[in-house]
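Open the model in your viewer and keep the selection tool at hand. We will go from stop to stop.

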Amino acid sequence: MLVFWKERLVYLATPKTGSTAIEAALGPLASVSIQRPPVLKHTNVRRYWQGFAPFLENAAGEGFTVVAMMREPVDWLGSWYRYRQRDGMRKPENSTKGLSFDEFVGAYLSKSRPPYADVGRQGAFLAPEGTRGADRIFCYERIEGLVDFLEDRLDCEIVLPRLNVSPPGTVALSPETEARLRERLAEDFALHASLA
């Protein structure tokens with residue numbers, strides 16, 4: 001999470017949407033840069049409005065614009081799957097080594113997700129039911145939209161480095177698994193499709 005005090009802007013770091021690169025490029029410009037622990041780095045919208053927003057708005061005397069990014073849901077899960085394929089996972093129970101992407105998504109869709117598939121939902125992160133969502137959600141596949149917005153708002157040129165990139169891998173789904181995923185994450189797919 002990055003807070004730009006003068007510009008009254010907050011960037012929330014949706015996991016697996018280039019947040020490490022964005023934080024590396026913009027961290028030095030931010031008034032507050034929370035990068036650890038992950039639960040704070042990846043502060044979701046609900047936690048922001050309940051905890052951080054009242055503090056910031058009280059201190060500033062006005063509200064902040066909240067921006068974040070969203071990735072196409074299958075691609076987002078593919079990034080998690082590939083990321084957890086890498087060697088040297090600190091928590092072996094989070095490893096997806098030896099699993100196909102179809103098996104990973106099947107586990108993600110199960111009622112009791114195993115640790116390696118318990119990665120949450122972008123819709124719940126960005127626009128939780130019953131809570132105000134992010135003010136602006138940008139599409140990961142068109143990241144230049146976020147960069148243009150930030151360049152304009154922060155009045156500087158932004159060059160994003162390539163950091164924390166998931167290793168390559170095969171991310172094929174059976175038609176049955178993809179249909180189940182699209183049904184279960186219908187709100188996420190609709191939210192992503194609505195992004196300009």
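Select Asp 188, in helix 9 (residues 186-194). Helices here are DSSP runs of H or I with at least four residues, strands are E runs of at least two, and both are numbered from the N terminus. This is a predicted model, where local features need pLDDT of at least 70, side-chain atom pairs count only at pLDDT 80 or more, and totals for chains, interfaces and linings use all residues. Residues are numbered from 1 along each chain as its sequence is written, and side-chain values use heavy atoms, with hydrogens and water left out.

Is Asp 188 buried or exposed? Asp 188 is buried, at 2% relative accessibility. The cut-offs are under 20% relative accessible area for buried, over 50% for exposed, and partly exposed in between (1.4 Å probe, protein chains only).

Now show the contacts of Asp 188. Beyond neighbours within four places in sequence, they are Met 70, Pro 73, Arg 121, Gln 122 and Gly 123. Contact means heavy atoms within 4.5 Å.

Next, pick Arg 121. Arg 121 forms a salt bridge with Asp 188, with the closest N and O atoms 2.6 Å apart. This pair links distant parts of the chain: Arg 121 sits in the loop between helix 5 and helix 6, Asp 188 in helix 9, 67 residues apart. Salt bridges that share partners join Arg 121, Glu 187 and Asp 188 into one network. A salt bridge needs a side-chain nitrogen of Lys or Arg within 4 Å of a carboxyl oxygen of Asp or Glu.

Glu 187 is exposed at 56% relative accessible area, while Arg 121 is partly exposed at 28%.

Move to Asp 118 and Arg 113. They form a salt bridge, with the closest N and O atoms 3.9 Å apart. Asp 118 is partly exposed at 49%, and Arg 113 is partly exposed at 27%. The whole structure holds 9 salt bridges.

Jump to Thr 14, in the loop between strand 2 (9-11) and helix 1 (19-26). Thr 14 is buried, at 0% relative accessibility. Leaving aside neighbours within four places in sequence, its contacts include His 42, Met 69, Gln 122 and Phe 125.

Last stop: Asp 155, in the loop between helix 7 (144-154) and helix 8 (175-184). Asp 155 is exposed, with a relative accessible area of 70%.
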